[in-house]
Amino acid sequence: MEPYPDDLTHRLVKAASVELSTPPHALLRAMGEFWVKCTAAAGYGPLMEMAGSSLPEFLHNLDDLHARVGVNFPALLPPSFDAEDRDEGKMHLHYHSKRQGLAPMVVGLLEGLGDRFETPVDVEQLACRSEGADHDVFEVRYVSPPPPTEAGSDLP
Ligand code: HEM
């Protein structure tokens with residue numbers, strides 16, 4: 001719950017990349033997935049539950065989630081996400097950040113969320129800030145799981 005310099009994050013990723021012979025973007029993606037599936041699930045379960053019970057609902061609530069984190073961590077420099085519903089099973093997620101270089105982590109975070117909601121996801125980056133776009137945009141295609149059937153409804 002203490003801020004630390006972004007340079008430390010970048011140096012850690014670079015060092016891990018050399019040590020593990022793995023490209024930085026792959027490590028960031030794996031960190032994002034691990035964050036949702038392990039760190040957040042273990043350390044922030046109730047906060048994660050409050051943010052939604054389906055992938056689209058959760059993505060619409062990402063800013064509220066980080067605002068709640070900010071109550072206990074006033075130095076927070078949170079990202080901002082704007083989730084735009086497109087066709088059935090398709091969203092565009094606009095990611096605004098004061099930091100550089102974390103877009104690959106967002107891909108992993110989305111994959112981890114897909115796993116959490118048993119919702120297969122396919123993520124494609126449509127616009128990259130590192131290539132001059134105003135902000136990063138991701139297309140998230142997903143397959144919602146079938147709604148739970150009422151207990152006993154399949155009995156004669
Ligand atoms: C309970 C769950 C979560 C907690 C407690 C949490 C908390 C945080 C914290 C403390 C930071 C660092 C901000 C700072 O250093 O000032 C952060 C950054 C970030 N979070 Fe979350 N977060 C959660 C879930 C998620 C999820 C599900 C996503 C999915 C998209 C996400 C996306 C990000 C991103 C991309 C950043 C990087 C910051 C930036 O771009 O500036 N977070 N979050």
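Colleague: Let's start in the strands: which residue in E2 is the bridge partner of Asp-82?

Modeller: That's His-94. Keep in mind that this is a predicted model.

Colleague: Okay, and how many bridges join E1 to E2?

Modeller: There are 6, between E1 at residues 80-85 and E2 at residues 90-96, and the two strands run antiparallel.

Colleague: What's in the turn of that hairpin?

Modeller: The hairpin has 4 residues between E1 and E2. Gly-89 is in the turn, with a positive phi of about 75°.

Colleague: Let me zoom out. What's the pattern along the sequence?

Modeller: It reads α-α-α-α-α-β-β-α-β-β, so to speak in counts, 6 helices and 4 strands. The C-alpha atoms fill a box of roughly 65 × 35 × 30 Å along the principal axes.

Colleague: How much of the protein is buried?

Modeller: Buried residues are 21% of the 156 in the protein.

Colleague: Which residues touch the most other members of the largest nonpolar core?

Modeller: Val-106 and Leu-110, out of 23 residues in that core. Helix H6 gives the most to this core, with 7 residues. H2, H4, E2 and E4 are also among the elements that each supply at least two.

Colleague: What does Leu-110 touch, leaving out residues up to four places away in sequence?

Modeller: Val-121, Val-123, Phe-138 and Val-140. As background, nonpolar side chains in soluble globular proteins tend to be buried together.

Colleague: Switching to the ligand: which residues come nearest?

Modeller: Of the 23 residues around the ligand, those are Tyr-44, Leu-77, Pro-79, Ser-97 and Leu-109.

Colleague: Does Leu-77 count as buried or exposed, and why?

Modeller: Leu-77 counts as exposed, because it has 12 C-beta neighbours inside 10 Å, and the cut-off for exposed is 12 or fewer.

Colleague: How far apart are Leu-77 and Glu-88?

Modeller: In sequence they are 11 residues apart, and in space 33 Å, C-alpha to C-alpha.

Technical notes. Residues are numbered from 1 along each chain as its sequence is written. This is a predicted model: local features need pLDDT of at least 70, side-chain atom pairs count only at pLDDT 80 or more; totals for chains, interfaces and linings use all residues. A residue is near a molecule or strand if its C-beta atom, placed from the backbone, lies within 6 Å of it. Two strands pair if DSSP finds at least two bridges between them. A nonpolar core is a set of buried Ala, Val, Leu, Ile, Met, Phe, Trp, Tyr and Cys residues joined through C-beta atoms within 7 Å. A residue is buried if 20 or more other C-beta atoms lie within 10 Å of its own, exposed if 12 or fewer, and partly exposed in between; C-beta atoms are placed from the backbone. Two residues are in contact if their C-beta atoms, placed from the backbone, lie within 7 Å.
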